[in-house]
Amino acid sequence: MDATVPVLIIEDDDDIRRLLELALPRTTMTISSVGTGSEGVEACRAEDPALVTVDIGLPDIDGIEVVQQLREFYHGTIVVISARSAERDRATAMAAGADAFLTKPFRPRELRSAITELLESSGHRSDVPGADLLDGQ
Ligand code: CA
């Protein structure tokens, strides 16, 4: 498996988006990102990524609604990222079709291992030994 794994980030907050981009290993993933829900749905349709992260609080469409729209055509992995950790939000996200629910703030290392595990369980190899450059910083 030499090809990089395409990952789409749907997140309107520049800082969080940068953090997500930095946390994921570029050697094994091709990362693209958009800042609104509608762009996210379009990009997902066009790019068919292996994994999508969806922020709950987006400027146009609620992240849960984005997940519902994605699940009409998308069969890859969806990770919902929320600033709210309420158990009800998690349940709503999972019911909408998300595979995982992560809460902000997150540590880059935790995020990366969660995403790597999800990709591995869906048959993608997405991490490399020694890709721990971010850790300890
Ligand atoms: Ca947001």
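A crossover is right-handed if, with the strands pointing away from the viewer, the path from the first strand over the helix to the second runs clockwise. Keep that in mind, everyone. Strand 1, helix 1 and strand 2 make a right-handed β-α-β unit. Strand 4, helix 4 (residues 87-96) and strand 5 make another right-handed β-α-β unit.

Some ground rules. This is a predicted model, where local features need pLDDT of at least 70, side-chain atom pairs count only at pLDDT 80 or more, and totals for chains, interfaces and linings use all residues. Residues are numbered from 1 along each chain as its sequence is written, and side-chain values use heavy atoms, with hydrogens and water left out.

Now the overall layout. The protein chain has five helices and five strands. Helices (H or I, at least four residues) and strands (E, at least two) are DSSP runs, numbered from the N terminus. Along the sequence the pattern reads β-α-β-α-β-α-β-α-β-α. The chain has 137 residues, and 47% of them count as buried. Buried means under 20% relative accessible area, exposed means over 50%, and partly exposed is in between (1.4 Å probe, protein chains only).

What about contacts? Contact means heavy atoms within 4.5 Å. Take contacts between residues at least 6 apart in sequence: 62% join residues at least 24 apart.

In what order do the five strands sit? The order is 2-1-3-4-5, in an open sheet with parallel pairing. Strand 2 and strand 5 are the edge strands, each pairing on one side only. From one strand to the next, the twist averages 20°. Helix 4 packs on this sheet and touches strand 4 and strand 5. The direction of helix 4 makes about 145° with that of strand 5. Axes here are lines fitted to C-alpha atoms, for helices over the stretch in contact, and angles run from 0 to 180 degrees between N-to-C directions.

Two pairings in detail. Two strands pair if DSSP finds at least two bridges between them. Strand 1 (residues 5-10) and strand 2 (residues 29-34) are parallel, over six bridges. There, Pro-6 has Thr-30 of strand 2 as its bridge partner. Strand 4 and strand 5 (residues 100-103) also run parallel, joined by four bridges. In that pair, Ile-81 stands opposite Leu-102 of strand 5.

Over to helix 5 (residues 108-121). Helix 5 lies across strand 1, strand 2, strand 3, strand 4 and strand 5, at about 135° to strand 3. Which residues meet between helix 1 and helix 5? Leu-19, Leu-20 and Ala-23 in helix 1 meet Pro-108, Leu-111 and Arg-112 in helix 5. The axes of helix 1 (residues 14-23) and helix 5 come within 9 Å and cross at roughly 60°. The crossing is right-handed. For that word: a crossing is left-handed if the near helix is turned anticlockwise from the far one by less than a right angle, and right-handed if clockwise.

Let's go inside. Thr-53 is in strand 3. Buried or exposed? Thr-53 is buried, at 1% relative accessibility. Beyond four places in sequence, Thr-53 touches Leu-8, Ile-9, Ile-10, Leu-20, Val-79, Ile-81 and Ile-115. Thr-77 is in strand 4 (residues 77-82). Thr-77 counts as buried because its relative accessibility is 7%. Leaving aside neighbours within four places, its contacts include Ala-50, Asp-99 and Ser-122.

Now the metal. Which residues supply the protein donors of the calcium ion? They are Asp-12 (OD), Asp-55 (OD) and Gly-57 (O), lying 2.1 to 2.4 Å from the ion. Donors are N, O and S atoms within 2.8 Å of the metal (3.2 Å for Na, K and Ca); water is not among the atoms, so sites may look incomplete. In sequence, the donor residues are spaced D-x42-D-x1-G. Asp-55 is buried, at 3% relative accessible area, whereas Gly-57 is partly exposed at 45%.

Last stop, Leu-58. Where is it? Leu-58 is in the loop between strand 3 (51-55) and helix 3 (63-70). Leu-58 counts as buried because its relative accessible area is 11%. Leu-58 and Asp-13 are 45 residues apart in sequence, and 8.7 Å apart in space, C-alpha to C-alpha. Setting aside neighbours within four places in sequence, Leu-58 has contacts that include Asp-12, Gly-35 and Val-66. And Asp-12 is one of the calcium donors.
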